[in-house]
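Subject: A structure for you to look at

Hi there,

Here is the structure I promised to pass on. Could you have a look when you get a moment? My notes come after it.

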Amino acid sequence: MNIGKASLASYYLKPIGTIFLNLLKMVVVPIVLTSIISGVVSLKDIRKIGTIGVKTIIYYLFTTAFAIIIGLAIANVMKGNFTVLSTSDLSYTASESAGIMDTIVNIFPSNLIAPMVETSMLQIIVIALFIGFAMVIAGEKAESVVKLNDSISEVFMVIMSMIIKTSPIAVFCLCSGATPVIL
């Protein structure tokens, strides 16, 4: 097999970076699921969860509005500094957007496993909240499940730590597989 110097890095090193990204994707769902469950259970009072939820939504709305204002301000200040691209031959047909009720319905999963397989984070969060609420309501009867969840969470945090320790090498491998710049 005849591999040039530029493609040598791409052939041997880029897969290492891809493996790193795959490993990160692998641990995201279990970490999000178990962490949210642990957070809900640690509050031990559903009224506190509601209060924190409302505060979180308000915080989210304000930070989103602030980010939009910053983005629009920067876009307006920089408006004349970029060349205009020709778009005369381009066409786009927007798909029909889902209605608000469809969006709300789609937040709630019909299957426990499918959102985890498809990495549908909003549905995973809803699953975690329901499991956490149920564990709080069940009280002492759910104590063994709470301990199991905490153990699983800790295991995946250790796995994440192991993956992160490889990040300097993995990022180098991802970058070295990029298209070379000829000077």
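First, the ground rules. This is a predicted model, in which local features need pLDDT of at least 70 and side-chain atom pairs count only at pLDDT 80 or more, while totals for chains, interfaces and linings use all residues. Residues are numbered from 1 along each chain as its sequence is written, and side-chain values use heavy atoms, with hydrogens and water left out.

**Overall fold.** The chain has eight helices and zero strands, and its pattern along the sequence reads α-α-α-α-α-α-α-α. (Helices, H or I of at least four residues, and strands, E of at least two, are DSSP runs numbered from the N terminus.) The radius of gyration is 23 Å, well over the 16 Å that the globule rule gives for 183 residues, so the chain is more spread out than a compact globule. That radius is taken over C-alpha atoms, and the rule is 2.2 Å times the number of residues to the power 0.38. Along its principal axes, the C-alpha trace spans about 65 × 45 × 30 Å.

Buried residues make up 18% of the 183 in the chain; buried means under 20% relative accessible area, exposed over 50%, and partly exposed in between (1.4 Å probe, protein chains only). Of the contacts with a separation of 6 or more, 73% are between residues 24 or more positions apart, a contact being heavy atoms within 4.5 Å.

Asn149 lies in helix H7 (residues 143–165) and counts as buried, at 9% relative accessibility. Leaving aside residues up to four places away in sequence, Asn149 touches Thr34, Ile37, Ser38 and Met135. Val77, in helix H3 (residues 46–77), is exposed, with a relative accessible area of 65%.

**Cysteines.** What is the disulfide count? It comes to zero, where a disulfide is a pair of cysteine sulfur atoms within 2.5 Å. The sulfur of Cys173 is 9.4 Å from the closest cysteine sulfur, in Cys175, which is too far for a bond. Cys173 counts as buried at 3% relative accessibility, whereas Cys175 counts as exposed at 54%.

Happy to talk any of this through.

Best wishes
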